[in-house]
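User: Please take a close look at one part of this model. I would like to know how it is placed and what surrounds it.

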Amino acid sequence: MSFLQLPQKKSLTSSPLRTLTIVSCLLFVLYIIVSLSVSHTLSDHHVWSKSLFTTSLTSLDDVVFGIASNSEDWPKRKRYMQLWWKPQFKGCLFLEKVPLEKDSSNSADDIPPVCISEDASHFRYTHKHGGGRRSAIRVARVVSETVALNHSNVKWYVFGDDDTIFIPENLVKTLSKYDHKQWYYIGTSSEIWEQNDWFSHEMAFGGAGFAMSYPLAKVFARVFDSCLVRYPHLYGSDARIYSCLAELGVVLTRESGFHQFDVRGDIFGLLASHPLKPLVSLHHLDYAQPIFPNMTTSQGLEHLFKAVKLDPARILQQTVCYDRWYTWTVLISWGYAVQVFDRNVLLPDLLPVQQTFKPWKIGGNVHSNLFMFNTKALPQDECKRPMTFFLENISSSSGRMLSSYKRSINESCMENSKSFLKNLLHIRVFSQKLDLDVPKLQAPRRQCCDVIASSVGNRLDVAIRECGEEELIFMHT
C-alpha cells in the first residue's frame, strides 16, 4: 500500500544568509528575555534590601512612651525626665489625679502631656508583705491605657517610671535590631540575684524601662484586665505585666543596655564597666551618690548628658589601651571617666565590675550580696586604686570628638609615690562619632586606642579607633 507523499518544501537552512538571519533573531530575542529577567531580579533584590535595611529601622517617630508617676513624687522626679524628653515625642505621663497647682517654672515642652489614670479600685490587691501598694495596679494599667491613646504609625511602646532616664537615640538603635511586626517584650532583669529570685528571672523590671512591639501591645491591652483578676497577690506592676505576657506565651528578650540599678551608694563601678551595648536607660539615681565629684545628682547627670548629646552611641563605651613607654594600662569609659593603672593589667582582669556600690538590701542575708555579673573587690586603700580622671570638657567638630578628663584623687597619695603618674593631671581622648549600623549592634566589638606622644608633661593624649581585623588588645612586654 502506498502513501501519498506531499511535496517537500525547500529547507530554510539551505541558504546561509537565511540561517544567519534566523540565528541573529533568536539571539536577539534571547538577549531581550535575559535582560528583562535580570532587571526584574535586581529590582526585586533592591526592594528586598531596602525593606531589610531601611524600612525596618526605627525612629523616635515610631515610639510611644508611657511613663508612670504620682502627684506626690512627680515634683521631685521631674528633673530626670527633663534630661531626655523632647517636645516631638509621643506619649503621656500618667498621674492618679490632676496636679493641684500648675508648675509655671518650666515649659510644657520639657515634660510629656499629663494623662489621668482610669479608676482601678475595683481590682483586688491582697499583697501583705514588703510595703506593697495597690497603686501597682494603676501603674500596670499604664500599658493598656497608653495603647488606648491610639497614636498612628507606631512600631513600639516603651514604658518606664518617672525616675527612669532614657537615652532616646540608643533606645531606637536597640529596637531597630528587632522586627516590630513580631511579638517582642524587651528589657532587663535586676542586677541583684535575690531580687530576680523573688520576682522572676524572666521579668523585665519596670524601673529600667521595657518595650513592647505594636502587635503584642495591642493584644496585651485587650486581655490585660482579665489577667489582673488572677494576680491580686503580686507585689508590683511589672510582675502583673510579666504574668499576663507569660499567659500569652511571650518570653523576655534581654537587652543589657537597660539598667534597673537595684544598688545603693557609689555606682562608679557599674558605669565604668558598661557592657558593649548602647546605654539605653538609668534608674534609681535617688539612691545613688552623685556620679561626678563635687556635684549634686542633678548637676552630675546634666554634665554626663553633655557627652550623651554629642555622641550617644559611644557614651560609657569601654576602650582599653596600653602605654609602651611607662607600662601603663589606660581604661576609658567614654564621656565619663578614664582610669590609669601604673602597671600592665591583662584585659580579662579589667572587665569585672568594681564593687564600689552596696546591695539594695543593706544588712540582708548572704543572698543580698549576690550579683548577676562578675565583680571584683575595690582596694580599701585609696592609694592602691587606679588613678581616676573624670570628664571635664567635651567638644565636637565635623564628627570629631575631643573629650578631656581631670584627675580626681587624694593628693596625699601622690606625695610618696615614685610613679610617673603623680605628674599626670589631664587626659585628652580623640574619637570619631560612633554610628553603629544594625549588623554591628548585633555583633558588637570593642574598639582599640593608641597612646599619643605628647610634649606636655602633665597630660596624656589617647586616640580611639576601630581595631584591625586580626588586632589584639594586649599589654606590650
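This is a predicted model: local features need pLDDT of at least 70, side-chain atom pairs count only at pLDDT 80 or more; totals for chains, interfaces and linings use all residues.

Analyst: Start with the local fold. A right-handed β-α-β unit is formed by strand 1, helix 2 (residues 74-84) and strand 2. Strand 1 covers residues 63-68, and strand 2 covers residues 90-95.

Next, the pairing. Strand 1 and strand 2 run parallel, joined by five bridges. Within this pair, Phe65 faces Gly91 of strand 2. Strand 1 also pairs with strand 4 (residues 156-161). That pair is parallel too, with six bridges. Here Val63 lies opposite Trp156 of strand 4.

How enclosed is strand 1 by the rest of the structure? Buried means under 20% relative accessible area. Six of the six residues in strand 1 are buried, so the strand is largely enclosed by the rest of the structure. The cover is on both faces. One side carries Val63, Phe65 and Ile67, and these are buried.

Now the nonpolar cores. Phe65 is among the residues with the most contacts inside the largest nonpolar core. That core has 78 residues. Trp84, Trp334, Tyr336 and Ile427 are the others listed with the most contacts there. The core takes at least three residues from domain 1 (60-254) and at least three from domain 2 (307-465). Ala68 belongs elsewhere: a second, separate core includes Ala68, together with Ile137, Ala140 and Val147. This second core has 38 residues.

Ser176 sits in the loop between helix 5 (168-175) and strand 6 (185-187). Its relative accessibility is 8%, so Ser176 counts as buried. The C-alpha atoms of Ser176 and Leu441 are 9.3 Å apart, although 265 residues separate the two along the chain.

The largest cavity has a volume of about 30 Å³. Its lining consists of Leu285, Ala288, Gln289, Pro290, Ile291, Thr297 and Leu301.

Note on methods: Residues are numbered from 1 along each chain as its sequence is written. Side-chain values use heavy atoms; hydrogens and water are left out. A nonpolar core is a set of buried Ala, Val, Leu, Ile, Met, Phe, Trp, Tyr and Cys residues joined through side-chain atoms within 4.5 Å. Buried means under 20% relative accessible area, exposed over 50%, partly exposed in between (1.4 Å probe, protein chains only). Domain bounds come from an automatic or database domain assignment. Helices (H or I, at least four residues) and strands (E, at least two) are DSSP runs, numbered from the N terminus. Two strands pair if DSSP finds at least two bridges between them. A crossover is right-handed if, with the strands pointing away from the viewer, the path from the first strand over the helix to the second runs clockwise. On a 1 Å grid over the protein atoms alone, a cavity is a set of points where a 1.4 Å probe fits but cannot get out, and a pocket is an open set with protein on both sides within 12 Å along at least five of seven lines; lining residues have an atom within 4 Å of a point. Grid points are joined across faces, edges and corners, and a volume is the space filled by probe spheres set on the points.
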